[in-house]
Amino acid sequence: MTNKIKKRKWLAILVGILLCLIFQGQSSGNIPIQINSERLEVDNLNNHVIFEGNVEAVRGDMIINSERLEVFNNQKERKIEKILASGKVRIKQGKRLAKAEQAIYYTQEGKIILSGQPEVMEEDNIISGREITILLQENKSVVKGNVKVVFYPNQSRDLFPKATGKAKE
């Protein structure tokens with residue numbers, strides 16, 4: 001395998017791991033969500049909830065900060081359809097951080113779209129582009145437009161799960 005192919009393979013692995021791990025495990029229904037904001041507006045007629053002003057949503061070890069957070073509900077199915085965070089969006093989990101001007105989470109599709117100068121970082125590793133789409137159920141991500149990746153191979157070891165048993169030699 002040539003060095004160029006090895007580098008591309010590492011970059012593909014890094015992009016997928018960085019983006020998907022940020023949102024890993026967030027579908028568990030047993031973890032409460034705490035949301036703090038300066039203002040709350042509930043529109044029961046249209047099944048729409050808006051949090052505004054220094055919004056902070058915390059679930060487990062994930063923290064989402066934004067200027068505005070909107071929740072769109074499907075009354076018929078009694079489920080959240082999508083969540084829209086806008087204005088200086090920051091999603092932090094452990095050493096991982098995602099930044100964007102807007103993040104939309106489509107719950108049924110398991111899809112997150114980051115736009116407005118999105119960046120995903122872990123330590124010194126950085127991925128950025130015009131739009132970053134994370135397909136949670138497929139463990140896949142797509143970065144479009146002016147893609148830039150800064151990757152430090154020696155730091156990537158922490159991105160991979162630790163082996164639980166003894167390695168075969």
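This is a predicted model: local features need pLDDT of at least 70, side-chain atom pairs count only at pLDDT 80 or more; totals for chains, interfaces and linings use all residues.
Local features were considered at pLDDT of at least 70 and side-chain atom pairs only at pLDDT 80 or more, whereas totals for chains, interfaces and linings use all residues. Residues are numbered from 1 along each chain as its sequence is written, and side-chain values rest on heavy atoms, with hydrogens and water left out.

With a salt bridge taken as a side-chain nitrogen of Lys or Arg within 4 Å of a carboxyl oxygen of Asp or Glu, the count comes to eight. Glu52 takes part in two of the pairs described here. Its partner Arg39 has the closest N and O atoms 2.8 Å apart from it; Glu52 belongs to strand E3 (residues 48–59) and Arg39 to strand E2 (residues 39–43), 13 residues apart. Strands (E) are DSSP runs of at least two residues, numbered from the N terminus. Glu52 also meets Arg68, at 2.4 Å from N to O. Because Arg68 lies in strand E4 (residues 62–74), this pair ties strand E3 to a part 16 residues away in sequence.

Turning to accessibility, buried means under 20% relative accessible area, exposed over 50%, and partly exposed in between (1.4 Å probe, protein chains only). Glu52 is partly exposed at 23%, as are Arg68 at 25% and Arg39 at 42%.

A further salt bridge joins Arg96 and Glu122, at 3.4 Å from N to O. Arg96 lies in strand E6 (residues 96–106) and Glu122 in strand E8 (residues 119–122), so parts 26 residues apart in sequence are tied together. Both Arg96 and Glu122 are buried. Finally, salt bridges with shared partners join Arg39, Glu41, Glu52, Arg68 and Glu70 into one network.

How values were computed
Helices (H or I, at least four residues) and strands (E, at least two) are DSSP runs, numbered from the N terminus.
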